[in-house]
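The structure is shown first.

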Amino acid sequence: MMNRRFFLKSGGIALASFGLMSSAPSFLQRTVAQALTGAGGVRRKTLIAIFQRGAVDGLNMVVPFGESAYYDYRPNIAIPKPRSEDGAIDLDGFFGLHPALASFEPLWREQRLAIVHAVGSPDATRSHFDAQDYLETGTPGRKGTPDGWLNRLLQAHKDPRATPFRAVAMTPNLPRILQGRAPALAMQNLADFTIRAGGGAPNVQTGFEALYEQLTNDRLLSEAGKETFGAISFLKRVDPGQYKPANGANYPRGRFGDALRQIAQLIKAEAGLEVAFTDIGGWDTHVNQGGPRGQLAARLQEFGQGIAALVADLGPLMDDVVIVTMSEFGRTARENGNRGTDHGHANAMFVIGGATRGGRVYGDWPGLRGDRLYEGRDLALTTDFRDVFGELARKHLRANDLTTIFPGYTPTKFRGLLG
């Protein structure tokens, strides 16, 4: 029997799994209208965070071809210099992109893509689990932080117009970065969500409607219902199965491309999306990493083509969107005996769109000479990742108090990255 306690416990988006919206009675339509008052048609700033899980090799992703030591350390996997066969894409005479990231070159030339190099966590761990946790919680070296830094950002910037789609992770489970008191959704597929939301038996629906109408004065119950029906209404309006990317955008096949396409769909639907997250794995290249071609190149091609498609698909909406990429740590400067690389320290990040002042590599480059390497083996860190995240929170999402978002740390203003 469905009772008030069950409803409260199972309220919100979880109710979709019961199939209560096969047809929308008038009271549900009224509820949705109330939930969405003032939410539609508002141009929001959106931050899209993409996690390269597994520790991407930043030195082969953004190649310091101007350093002779780079080629000394990597006789089998180095990316050749520009104007060589399969050579790096020259950015500024010193740094180049891996040739598999050719889809990023137009964004760089248009000054819509910026790079931050030698960036990462000041914590020295080489554990994937710990390093990912520190990056997502924003508290390096501190285990047990209960919430993610993106969730704390949402907590610090309350929005009375917020919809159920204010924060969405296109992942199987809610990632650490979005866990916390602020509401956030995790889903793999918009179409599956709407399928789960339909087909309810009439007697179940009638019983639920009667229960809801009896308890509309209960604020908690009312808000839970609004969250559920608002989300379902949005997705029915978006009609995931009929979506066609714009401007010739061609997303790569697979989970990553699907996630980016659906993020674009939510932005275009004006669903109130402020923070979106997804991830892509396959970067832990200990063995047979490859150089211009091979294992790493294949992952970079999917990664670059997916992001380039997202930018093209959104078109002028990218003026209000910033994409930031991250990975838990970099990889060793020297290749190992298996023609791969091992867990390292500092890495590279991409920042794309919005008011990004692109066409430039940011951060202090520490060099790759032996005496400049961290612990004699890794690219040294010169920029704390919280400085980059803090600048995005401050400049793009207009967060005022960064101390609540990054407890125990005051991000340094990263001048010039955003206009």
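In this predicted model, D133 and R176 form a salt bridge, with their closest N and O atoms 2.8 Å apart. D133 sits in helix α6 and R176 in the loop between β6 and β7 (185-186), so the bridge ties together parts that are 43 residues apart in sequence. D133 counts as buried because its relative accessibility, 12%, is under the 20% cut-off.

The count of salt bridges comes to 25. Three of them are set out below.

| Pair | N to O distance | Location |
|---|---|---|
| D133 and R176 | 2.8 Å | α6; loop between β6 and β7 |
| R126 and D378 | 2.2 Å | loop between β5 and α6; loop between β11 and β12 |
| R261 and D258 | 2.9 Å | both in α11 |

The side chains of R126 and D378 meet in a salt bridge, and this pair links distant parts of the chain, 252 residues apart. D378 is buried, with a relative accessible area of 0%, while R126 is partly exposed at 23%.

R261 and D258 lie three residues apart in helix α11, about one turn of the helix. An α-helix has 3.6 residues a turn, so residues three or four places apart point the same way. R261 is partly exposed at 24% relative accessible area, and D258 is partly exposed at 28%.

Salt bridges also join R53, E136, R255 and D279 in a network.

Turning to the nonpolar residues, the largest core has 53 members, of which F104, F303, I307, I323 and F350 touch the most others. Elements that each supply at least two residues of this core include β1, β5, α11, β8, β9 (321-326) and β10 (347-353). Helix α12 gives the most, with nine residues.

Which residues does I323 contact, leaving aside its neighbours within four places in sequence? They are I48, I50, I307, L310, V311, M318, F350, V351 and I352.

L153 belongs to helix α7, where W149, L150, N151, R152, L154 and Q155 are buried along with L153. The helix spans residues 149-156 and is mostly covered, with seven of its eight residues buried. What covers these buried residues includes β1 (46-52), α6 (128-137), β6 (167-169), β8 (275-280) and α13 (385-396).

Technical notes. Residues numbered from 1 in each chain as written. Predicted model: local features only at pLDDT ≥ 70, side-chain atom pairs only at ≥ 80, totals over all residues. Heavy atoms only, no water. Buried < 20%, exposed > 50% of the residue type's maximum accessible area, 1.4 Å probe, protein only. Helix = DSSP H or I, 4+ residues; strand = E, 2+ residues; numbered from the N terminus. Contact = heavy atoms within 4.5 Å. Core = buried A, V, L, I, M, F, W, Y, C linked by side-chain atoms within 4.5 Å. Salt bridge = Lys/Arg side-chain N within 4 Å of Asp/Glu carboxyl O.
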